[in-house]
Amino acid sequence: YYLESQQAREFLGKAWPALRQLVPNTARVHAALRRHGIPVHIFAGRHDRVIPLKAAQEFAKGQPLIKL
């Protein structure tokens, strides 16, 4: 539904590649999740190209608040 207009498609065409360059500091993210008790649910599929399953598993490893 959000790709109905040419403007929206052009925006996503520029935004998504730029977002791939963001690399969070996972140690800081994990610390903030623990400090604030924030539960996280990650949905990733075997063939997911946005959040590869292996990356999601690595991020969740040893983090009881993160569920795959």
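Contact here means heavy atoms within 4.5 Å. In this predicted model, Gln63 touches His30 and Arg34, leaving out residues up to four places away in sequence.

Gln63 sits in the loop between α3 (53-60) and β2 (66-67). Its relative accessible area is 13%; buried means under 20%, so Gln63 counts as buried. The side chain of Gln63 also makes a polar contact with the side chain of Arg34, at 3.2 Å.

His30, the other residue touched by Gln63, lies in helix α2. With a relative accessibility of 11%, His30 is buried too.

**The ends of helix α2**

Helix α2 covers residues 26-36, and Asn25 caps its N-terminal end. In this cap, a side-chain oxygen of Asn25 lies 3.1 Å from the backbone nitrogen of Ala27. After α2 comes Gly37, which has a positive phi, near 60 degrees.

**The nonpolar core**

Which residues make up the largest nonpolar core? There are six in all: Leu33, Val40, Ile42, Ala56, Ala60 and Ile66. One of them, Val40, touches Leu33, Leu65, Ile66 and Lys67, again without residues up to four places away in sequence.

**Charged and nonpolar groups at the surface**

The structure holds one salt bridge. Lys61 and Glu58 form a salt bridge whose closest N and O atoms are 3.2 Å apart. Are these two residues buried or exposed? Both Lys61 and Glu58 are exposed.

Trp16, Val50 and Ile51 make a nonpolar surface patch of about 290 Å². Of these, Val50 is located in the loop between β1 (40-41) and α3. Val50 has a relative accessible area of 57%; exposed means over 50%, so Val50 falls in that class.

Arg46 is likewise in the loop between β1 and α3, and at 72% relative accessibility it counts as exposed. Ala18, in helix α1 (residues 6-19), is partly exposed at 44% relative accessibility.

The accessibility values given above for individual residues are collected here.

| Residue | Relative accessibility | Class |
|---|---|---|
| His30 | 11% | buried |
| Gln63 | 13% | buried |
| Ala18 | 44% | partly exposed |
| Val50 | 57% | exposed |
| Arg46 | 72% | exposed |

**Two separations**

How many residues apart in sequence are Ala18 and Arg28? They are 10 residues apart, and their C-alpha atoms are 22 Å apart in space. Arg46 and Lys61 are 15 residues apart along the chain, with 17 Å between their C-alpha atoms. Lys61 is the residue that forms a salt bridge with Glu58.

Conventions. Residues numbered from 1 in each chain as written. Predicted model: local features only at pLDDT ≥ 70, side-chain atom pairs only at ≥ 80, totals over all residues. Heavy atoms only, no water. Polar contact = N/O pair within 3.5 Å; in protein donor to acceptor, adjacent residues only side chain to side chain. Helix = DSSP H or I, 4+ residues; strand = E, 2+ residues; numbered from the N terminus. Core = buried A, V, L, I, M, F, W, Y, C linked by side-chain atoms within 4.5 Å. Buried < 20%, exposed > 50% of the residue type's maximum accessible area, 1.4 Å probe, protein only. Salt bridge = Lys/Arg side-chain N within 4 Å of Asp/Glu carboxyl O. Patch = residues over 30% accessible without salt bridge, like charges linked within 9 Å, V, L, I, M, F, W, Y side chains within 5 Å. Areas by Shrake-Rupley, 256 points an atom, 1.4 Å probe, with all protein chains shown as cover.
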